[in-house]
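Hi,

Here is the structure I promised to pass on. Have a look at it first, then read my notes below.

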Amino acid sequence: MPIFHISHFLNLNFKIKMGISNKVYGVVMMIVYCGLFVVSYSLFETGETRLTLDYYAKTCPNVLQIVRKEMECAVLSEPRNAALVVRLHFHDCFVQGCDGSVLLDDTITLQGEKKASNNIHSLKGFRIIDRIKNSIESECPGIVSCADILTIAARDAVILVGGPYWDVPLGRKDSTSASYELANTNLPSANEGLLSIISKFLYQGLSVTDMVALSGAHTIGMARCENFRQRIYGDFDATSDPNNPISRSYIEKLRSICPLVGKTGENNITAMDNMTPELFDSSYFQMLMRGEGVLNSDQELYSSLLGIETKALVKKYAADPIAFFQQFSDSMVKLGNITNSDSFVNGEVRKNCRFINT
Ligand code: HEM
């Protein structure tokens with residue numbers, strides 16, 4: 001269970017920093033672990049039991065083919081579309097569970113999640129999901145939830161850029177609500193510390209191993225200057241391998257995309273994996289070992305003094321792409337199984353993913 005993993009991070013460094021005795025430390029940690037265990041276990045339990053692989057076998061037998069065909073068109077026309085959809089699924093599942101809440105537009109009566117701090121100007125791919133939904137509605141109206149469509153589309157996105165396959169459990173319902181507040185608090189951000197990010201994953205029932213493997217999704221896609229400025233004018237040099245320092249030209253390139261002076265170019269973008277930006281592979285982890293992570297949060301997995309276990313996992317996945325693919329698939333299933341228990345009772349199958357049914 002996740003609680004056992006975090007112990008490595010929290011032991012010595014914290015004790016030394018806080019100057020507390022072993023006994024007090026033990027009691028405090030026990031309370032933290034128990035709290036996280038109870039929350040994550042209950043979220044987890046409600047999720048896994050109700051989803052099945054053949055959920056639409058009778059009601060919409062072609063659903064998987066329709067999603068795959070649409071995703072093929074989307075990724076063929078623009079490979080980054082794969083990254084957009086994978087991130088969209090992640091941001092859906094971390095807020096109220098995977099219930100399509102992220103897809104809802106703002107209306108007079110509903111405040112959506114699209115304008116939350118980690119989504120605004122950044123989260124994209126909504127039109128791809130609209131297109132898939134339209135195709136499915138014309139074949140099996142009112143049957144397939146937007147939350148399920150997004151989960152299948154994320155799996156296909158990964159395959160289409162060279163990543164692993166996994167079976168997708170289905171049967172989610174769409175929420176009739178969204179949470180701007182939870183989107184602001186639950187989603188991790190680029191300049192957040194490692195322990196804080198780990199605790200956000202534990203809260204969702206995901207372990208440190210899940211967190212590191214899922215971060216491997218940054219092997220595709222782009223980041224905006226706003227999210228990597230602090231890193232490239234901060235500890236970029238300090239985290240690089242002294243025997244193999246980062247090339248000046250690479251840092252200069254990033255700095256020209258994202259200038260410090262004048263704070264312009266907030267939306268200028270760079271690939272998070274500078275080796276193979278459009279390919280789902282383990283080069284992201286190799287980059288971290290060279291100190292070339294674009295986001296602070298990425299580099300911390302390898303370079304943080306608190307990241308003994310995360311560093312070992314980065315090394316493992318850098319050296320063994322098969323182990324990375326296997327863990328990534330397992331962790332994506334766990335991510336997709338974070339369900340919204342309220343939606344199972346009060347949820348619906350939206351006709352249009354952007355609006356709740358009237
Ligand atoms: C571990 C904590 C994580 C943090 C702090 C984080 C943060 C970020 C940030 C700041 C960006 C750039 C957004 C922008 O500048 O517009 C990004 C992009 C991305 N993230 Fe994460 N992320 C995390 C985990 C994940 C996970 C678990 C997944 C999926 C399983 C994921 C998938 C992606 C993808 C595919 C992109 C590229 C999107 C694009 O091209 O627009 N991330 N992430």
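Let's start with the ligand. Three elements, α5 (80–93), α10 (208–215) and β1 (222–224), each supply at least two residues of the shell around it. These labels come from DSSP runs numbered from the N terminus: helices are H or I runs of at least four residues, and strands are E runs of at least two. The biggest contribution to the shell is from α5, with six residues. In total, 24 residues surround the ligand, and the closest are S122, L214, A217, G221 and R224. Being near here means that a residue's C-beta atom, placed from the backbone, lies within 6 Å of the molecule. By type, the shell has 14 nonpolar, seven polar and three charged residues. (Nonpolar covers Ala, Val, Leu, Ile, Met, Phe, Trp, Tyr, Cys and Pro; charged covers Asp, Glu, Lys and Arg; the others, Gly among them, are polar.)

Before you go further, please keep in mind that this is a predicted model: local features need pLDDT of at least 70, side-chain atom pairs count only at pLDDT 80 or more, and totals for chains, interfaces and linings use all residues. Residues are numbered from 1 along each chain as its sequence is written.

Now the whole protein. It has 17 helices and two strands, and buried residues make up 43% of its 358 residues. A residue is buried if 20 or more other C-beta atoms lie within 10 Å of its own, exposed if 12 or fewer, and partly exposed in between, with C-beta atoms placed from the backbone. Of the contacts between residues at least 6 apart in sequence, 80% join residues at least 24 apart. Two residues are in contact if their C-beta atoms, again placed from the backbone, lie within 7 Å.

Where is H218 placed? It sits in the loop between α10 and β1. H218 is buried because 24 other C-beta atoms lie within 10 Å. Leaving aside neighbours within four places in sequence, H218 is in contact with M272, D273, Y284 and D298.

You'll find it in the loop between β2 (269–271) and α13 (283–289). M272 counts as buried, since it has 24 other C-beta atoms within 10 Å. With neighbours within four places in sequence left out, the contacts of M272 include H218, G221, M222 and Y284.

As for H91, this residue lies in helix α5. Is H91 buried or exposed? With 21 C-beta neighbours inside 10 Å, H91 counts as buried. Beyond neighbours within four places in sequence, H91 is in contact with V102, N119, L123 and L187.

Next, the inside. The largest nonpolar core holds 85 residues, and V85, V86, I129, I149, A153, A157 and V314 touch the most other members. The largest share of this core, nine residues, comes from α7 (146–160). A nonpolar core is a set of buried Ala, Val, Leu, Ile, Met, Phe, Trp, Tyr and Cys residues joined through C-beta atoms within 7 Å. In soluble globular proteins, nonpolar side chains tend to be buried together.

The buried residues of α16 pack against α5, α7, α10, α13 and α15 (308–319).

Most residues other than glycine have a negative phi. Q96 has a positive phi of about 65° although it is not a glycine, and H121 likewise has a positive phi of about 65°. Q96 is in the loop between α5 and α6 (126–139), and H121 is in the loop between α5 and α6 as well. Q96 is buried, with 24 other C-beta atoms within 10 Å, whereas H121 counts as exposed, with 11 C-beta neighbours inside 10 Å.

Cheers
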